[in-house]
Amino acid sequence: QVQLVESGGGSVQTGGSLRLSCAVSGRNTSAYNIGWFRQAPGKEREFVAALSWTSNTYYRDSVKGRFTISRDNAENTVALQMNTLKVEDTAVYYCVTGPIIGQVFRPQSWGQGTQVTVSS
């Protein structure tokens, strides 16, 4: 059973940056696909980015060029570097694991979430 613990959320102004981190624990963690989802108030959870265990990356269109997902296997962490943040990026961000089927990330295990607030 994998455990996921997010950190690094906070409040920034438009155009600012934040770096989220997800600590991954469990057996054979380097073999997991790790992703990030987010949920804004009143909206459904949505895919943000994913990194496969083979190092393929996936991003939703609205964050391409601004967000970068990366993994540190030695530290068992996955980071989401978020630059040029926009008000619409405001959400609770969740670290997730799951299979990638047909280039679609299927979340199965979730962290507790971390709040990101972007103000104008």
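**Exercise 1. The cavity lining**

Task: Find which residues line the largest cavity in this predicted model, and sort them by type.

Solution: 
- Start with the list: Val24, Thr29, Ser30, Arg71, Asp72, Asn73, Asn76, Thr77 and Val78 line the largest cavity.
- Now sort the lining: 2 residues are nonpolar, 5 are polar and 2 are charged.
- Next, look for strands. β7 (67–72) and β8 (77–82) each give at least two residues to this lining.
- Finish with the volume: the largest cavity holds about 40 Å³ of space. The structure has 1 cavity of 30 Å³ or more.

**Exercise 2. Rings around Phe37**

Task: Classify the ring pairs Phe37–Phe47 and Phe37–Trp110, and say which strands they tie together.

Solution: 
- Count first: there are 5 aromatic pairs.
- Take Phe37 and Phe47. Their ring centres are 5.7 Å apart and their planes meet at 75°, so this pair is edge-to-face.
- Phe37 is in β4 (residues 34–39) and Phe47 is in β5 (residues 46–51), so the pair ties together parts 10 residues apart in sequence.
- Take Phe37 and Trp110. The values are 5.4 Å centre to centre and 65° between planes, again edge-to-face.
- Phe37 is in β4 and Trp110 is in β12 (residues 109–110), so parts 73 residues apart in sequence are tied together.
- Phe37 is buried, at 8% relative accessible area. Trp110 is partly exposed, at 31%.

**Exercise 3. A charge over the rings**

Task: Over which rings does the charged end of Arg45 sit?

Solution: 
- One ring is that of Tyr94, with its centre 4.1 Å from the charged end of Arg45.
- Another is the ring of Trp110, at 4.4 Å from its centre.
- Tyr94 and Trp110 belong to a cluster linked by ring pairs, together with Phe37, Phe47 and Phe105.

Note on methods. Residues numbered from 1 in each chain as written. Predicted model: local features only at pLDDT ≥ 70, side-chain atom pairs only at ≥ 80, totals over all residues. Heavy atoms only, no water. 1 Å grid on protein atoms, 1.4 Å probe; cavity = no way out; pocket = protein on both sides within 12 Å on 5 of 7 lines; lining within 4 Å. Points joined across faces, edges and corners; volume = space filled by probe spheres on them. Helix = DSSP H or I, 4+ residues; strand = E, 2+ residues; numbered from the N terminus. Nonpolar A, V, L, I, M, F, W, Y, C, P; charged D, E, K, R; others polar. Phe/Tyr/Trp six-rings, centres within 6.5 Å; stacked < 30°, edge-to-face > 60°. Buried < 20%, exposed > 50% of the residue type's maximum accessible area, 1.4 Å probe, protein only. Lys NZ or Arg CZ within 6 Å of the ring centre and 35° of its normal.
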